[in-house]
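Dear colleague,

I am handing over the structure below, and after it you will find some notes on what turned up when I went through it. Please read them with the model open beside you.

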Amino acid sequence: MTKRHGYALLSAIIAVIVGLSAAIYVGVAAGDGNAGTNALDKGRARHNSAAPASTGIWVGSWSASPAGAEPGTETSGMAGRSVRNVVHASVGGTSARITLSNLYGQSALTVTHASIAVAVASDTAAASADTMRRLTFGGNTAIIIPAGQQVLSDAVRIIIPQGSDVLVTTYSPSQSGPVTYHQHARQISYVAEGDLTEDVTGAGYTEQTPYWRYLTALDVLSNESDGTVVAFGDSLTDGITSTQNANHRWTDILSERLRTAIESGQDLPRYSIVNQGISGNQILAGGLGRPADNQSGLLRFSRDALARTNVKVVVIDLGVNDILRNPRLADPDKILDGLRTMVGQAHSRGIKVIGATLMPFQGHRGYTPAREAVREEINAEIRSGRVYDAVVDFDRALRDPYDPRRLRSDYDSGDHLHPSDKGYATMAQIFDLKGLKGSAPAEL
């Protein structure tokens, strides 16, 4: 063999090894049977996208559950358009990675270009130019995500300040629908025609949207946090009646409260807080379709709560919709069994579970005295300590002291079910931060 042929053979072997390594990385990163298939190679990343140094801990900074298939996108998806999701970082870091989901797609989703940047301000699609980074997946700038699957990007070096708005943009050139989305974002995001993935001006993002599309998680490599708290619930956690673009969900306010307490010297866990609420969610029943829109809490708990990054504590606030949306009278024992099943799954992974009492809803169109009796029976069992490791009593904090079957008027958004901004703030204020300490009880 000549020296020239030897170099050629060595180069070919190295190319094969690199290709295999990239494929293995994508499969492992997606995890839990949700691997993406990377069939496109559009070149290596640029814009300072090298992997981070091994400092800090990976934690969740923001997340949203895939909630359903977006109506009107069944065929074309978002073909030929750039989707710029705006998300709020609960904790800062020196590197970042994202998760994209095609859970509700009926065909493979092709993303040929994706980026991340810090917004120059709130309520804008414009990015701080020196933070714009191109994202890669297994070293490639393009990714094909099979229907029903999700994928984790490579880590990219970028300074994410705590409390900043982060812009995550994807471009899909081909038809692939329906779009996996989270419909009650309470945050305006943006859409542009054509591939404006790395545009920093935001000028082309003329369409506003109340949805988050495809994006389901932002993780950061952080020196500010040692783990993640997942808030798992329905519209009361989703913050459906909170002020748009204001980050007034109870989870947002709790995150700020925990950070302030730690900075003041209190001995508390340094945790980030992410929100996995879906409006209308139930413990026992899901919606229509396969996979079901608004999957039941039991079906999505492993993916949306336990599989989040470096989870230490889960806070569960579910059960009201099982009472209100059941055409028959809900069985409190089945609801409690569902809650205990989720607690057992968390304990098997060493994760502590804090549970919330169910808040009152007299005055809501679904209220009946019989349903009220079911709510009170469930709350009594929750307060007894036989369901969760610890309890946050949202019911007692927000109910009208003169009529405990209804929300206090200044805590009521007006529909007699969902809190006002003041109500959400009270939920965060009465949460016992010391309850975040400790771990799940040892299994006997």
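Thr-216 lies in strand E16, which covers residues 215–222; helices (H or I, at least four residues) and strands (E, at least two) are DSSP runs, numbered from the N terminus. Because its relative accessibility is 6%, Thr-216 counts as buried (under 20% relative accessible area, with exposed over 50% and partly exposed in between, for a 1.4 Å probe and protein chains only). Leaving aside residues up to four places away in sequence, Thr-216 touches Trp-62, Ser-63, Ala-64, Pro-66, Thr-99 and Ser-101, where contact means heavy atoms within 4.5 Å.

Please bear in mind that this is a predicted model, in which local features need pLDDT of at least 70 and side-chain atom pairs count only at pLDDT 80 or more, while totals for chains, interfaces and linings use all residues. Residues are numbered from 1 along each chain as its sequence is written, and side-chain values use heavy atoms, with hydrogens and water left out.

Gly-163 sits in the loop between strand E10 (156–160) and strand E11 (165–172), and it counts as partly exposed because its relative accessibility is 29%. Its C-alpha atom is separated by 5.7 Å from that of Ser-90, although the two residues are 73 apart along the chain; Gly-163 also touches His-88 and Ala-89, not counting residues up to four places away in sequence.

Turning to the sheet, five strands form an open arrangement in the order E18-E17-E19-E20-E21, with parallel pairing (two strands pair if DSSP finds at least two bridges between them). E18 and strand E21 (390–392) stand at the edges with a single partner strand each, so one side of each has no neighbour in the sheet. Within it, E17 and E19 pair in the parallel sense over six bridges, and Gly-233 has Asp-317 of E19 as its bridge partner.

Helix H4 (residues 297–306) is mostly covered, since seven of its ten residues are buried, among them Phe-301 and Leu-306. The cover over these buried residues includes strands E17 (227–233), E18 (271–277) and E19 (311–317), together with helix H6 (332–347).

Finally, helix H3 (residues 250–263) and helix H9 (residues 421–429) pack at an angle of about 45°, with their axes 8 Å apart (axes are lines fitted to C-alpha atoms, for helices over the stretch in contact, and angles run from 0 to 180 degrees between N-to-C directions). The contact is made by Trp-250, Ile-253, Leu-254 and Arg-257 of H3 and by Tyr-424, Ala-425, Met-427, Ala-428 and Gln-429 of H9.

With best wishes
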